[in-house]
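Here is a short tour of a model, written to be read with the structure open beside you.

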Amino acid sequence: MESCKSENMAKSGWSRQEDKLLFSQAEQARNEGRPLKSVFEAVAEQTGRKPNSIRNYYYARLKEGDVEGTACRSAAFVPFEQEEVRALLRTVLSERAKGVSVRSCTLGMGQGDTRAMLRFQNKYRSVIKREPELVKEIIAELTAEGIPAYDPYAAGASSRRERLSRADALAFFTALEELAAAYKNMML
């Protein structure tokens, strides 16, 4: 088993033992297909460090390029080609018009692979946010072809991230409390 380079001086106050522990456990997790989050939590228990600081240290070391071994490297970043982005938008926007969720649609596009699904889902959300002209162009193309298209910018398009105003939230919870009190009185 190839190991990560840890014999050099550790950075950020990390001992060589801690460094070796982190990278050997990361390599083992990669070989077993376990998430790195479990490694950061396990190393945190063993060292008394916080999982987030361990994660930050791990990725900083990878970015510096001072670790060896393929198991220690993060997955290669695969950029989207422009035609792939267009195909992604066409698929998701037409499926959303049928009531299919983005998650379900992208999971199908990834053929059940959750990593592929996340790649598609994140790209879709990024394009919706950063390239509205392209999204509108694809909507127009779909509409011209007679294919119903979902418009994420339409006033009726809902998002889980929408929030109530403070006044609306207060009114909602006040009404909920009144309803609960009325129900309690009925039950007594």
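Leaving aside neighbours within four places in sequence, which residues is Tyr124 in contact with? They are Leu88, Leu89, Val92, Leu93, Val102, Tyr150 and Pro152, where contact means heavy atoms within 4.5 Å.

## About the model

This is a predicted model, in which local features need pLDDT of at least 70 and side-chain atom pairs count only at pLDDT 80 or more, while totals for chains, interfaces and linings use all residues. Residues are numbered from 1 along each chain as its sequence is written, and side-chain values use heavy atoms, with hydrogens and water left out.

The chain has a mean pLDDT (the predictor's confidence in each residue, from 0 to 100) of 82, and 82% of its residues reach 70 or more. Helices here are DSSP runs (H or I, at least four residues), numbered from the N terminus. Over residues 1-11, pLDDT stays under 50. Where pLDDT is low, the predicted coordinates should not be read in detail.

## The cores

A nonpolar core is a set of buried Ala, Val, Leu, Ile, Met, Phe, Trp, Tyr and Cys residues joined through side-chain atoms within 4.5 Å; buried means under 20% relative accessible area, exposed over 50%, and partly exposed in between, with a 1.4 Å probe and protein chains only. The largest core has 19 residues, of which Leu89, Leu93, Tyr124 and Val135 touch the most other members. Two or more of its residues come from each of α4 (82-97), α5 (102-109), α6 (114-130) and α7 (132-144). A second, separate core of 15 residues includes Ala26, Ala29, Leu36 and Tyr57.

## Helix α4 and Arg86

The buried residues of α4 are Val85, Arg86, Leu88, Leu89, Val92, Leu93 and Ser94, and their cover includes α5, α6 and α7. Is Arg86 buried or exposed? Arg86 counts as buried because its relative accessible area is 15%. Not counting residues up to four places away in sequence, Arg86 touches Leu134, Glu137, Ile138 and Glu141. Just after α4, Gly99 takes a positive phi of about 95 degrees.

## Helix α7

In α7, Leu134, Val135, Ile138, Ile139 and Leu142 are buried. Seen down the helix axis, the buried residues of α7 fall within an arc of 140 degrees (taken from the directions from the axis to the C-beta atoms), so they line one face of the helix. On the other side of α7, Glu133, Lys136, Thr143 and Ala144 are exposed. Cover for the buried residues of α7 includes α4 and α6.
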